[in-house]
Amino acid sequence: MVLASFDTNAYHLFSIEHKGVIYETDIDDYGESPLLQDVKLSSLNLQPGEHMEMVYDFGCEQIFDIEFIGAVDMLRGKGTSYPKVVDGAGRGIIDDMHVDELMEIIKATDKNGKSDFKVRVSDNHEITWDYRDYDIKYDNAFLKVEISAIQEGYKN
């Protein structure tokens, strides 16, 4: 779910650290850390205000400080989608782009007041990528699909 929220494409290794424990993707000969796919966020008993650190794309190492702000119980029969994002801000990252290049795009966006950077989302469609854009309806509409695609990507 965290990777889906950051618009990743599931082709880079990553880890998440919480309370000194590093959870990693399952790769051969990479230590004895607990595996991410074996841990559910609910099992961490996160409390509001706690932080996790995600390191994405080893080598490029984009580092994210993720603060848990809370959870809302989904009552049976009261909702049609689970999981669901209840709040958020900002656009996800651009996969396969070095963090320095991404920072240059962000600086140019701040300087110009708008972004002119295009991202190809399909063979014949581009969108303007602006780190300030966030659409919670879009995020929730595609969250399950994105999570499934990411899970499948890391299995293979």
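Trainee: Quick one to start: is Asp130 buried or exposed?

Mentor: Asp130 is buried, with a relative accessible area of 7%. Buried means under 20% relative accessible area, exposed means over 50%, and partly exposed is in between (1.4 Å probe, protein chains only). Keep in mind that this is a predicted model, where local features need pLDDT of at least 70 and side-chain atom pairs count only at pLDDT 80 or more, while totals for chains, interfaces and linings use all residues. Residues are numbered from 1 along each chain as its sequence is written, and side-chain values use heavy atoms, with hydrogens and water left out.

Trainee: Thanks! Which residue forms a salt bridge with Asp130?

Mentor: That's Arg132, with the closest N and O atoms 2.6 Å apart. A salt bridge here is a side-chain nitrogen of Lys or Arg within 4 Å of a carboxyl oxygen of Asp or Glu. Arg132 is partly exposed, at a relative accessible area of 38%.

Trainee: How many salt bridges are there in the whole structure?

Mentor: A search finds 5. Among them is Lys107 with Glu104, where the closest N and O atoms are 3.9 Å apart. The side chains of Arg120 and Glu126 also meet in one, at 3.6 Å from N to O. Glu126 is partly exposed, at 42%.

Trainee: Where do Lys107 and Glu104 lie?

Mentor: Both are in helix H2 (residues 99-112), 3 residues apart, about one turn of the helix. Helices (H or I, at least four residues) and strands (E, at least two) are DSSP runs, numbered from the N terminus. Lys107 is partly exposed, with 49% relative accessibility.

Trainee: Changing topic to the surface: which residues gather in a patch of negative charge?

Mentor: Glu17, Glu53, Asp65 and Glu67 do. Patches are made of residues with over 30% relative accessible area and no salt bridge, with like charges joined within 9 Å and nonpolar side chains (Val, Leu, Ile, Met, Phe, Trp, Tyr) within 5 Å. Of that group, Glu53 sits in strand S3 (residues 51-56) and is partly exposed, at 36%.

Trainee: Which residues make the nonpolar patch?

Mentor: Tyr138, Phe142 and Val145 make a nonpolar surface patch of about 320 Å². Phe142 is in helix H3 (residues 136-155) and is partly exposed, at 38% relative accessibility.

Trainee: Last topic, the backbone. What is phi of Asn45?

Mentor: Phi of Asn45 is near 50°, a positive value in a residue other than glycine. Most residues other than glycine have a negative phi. Asn45 is in the loop between strand S2 (21-24) and S3, and is exposed, with a relative accessible area of 54%.

Trainee: Got it. And where does Asp96 lie?

Mentor: Asp96 lies in the loop between strand S4 (62-67) and H2. Asp96 has a positive phi of about 65° although it is not a glycine, and counts as exposed, at 53% relative accessibility.

Terms used:
Areas by Shrake-Rupley, 256 points an atom, 1.4 Å probe, with all protein chains shown as cover. Lys, Arg positive; Asp, Glu negative; His and termini not counted. Charge placed at Lys NZ, Arg CZ, Asp CG, Glu CD.
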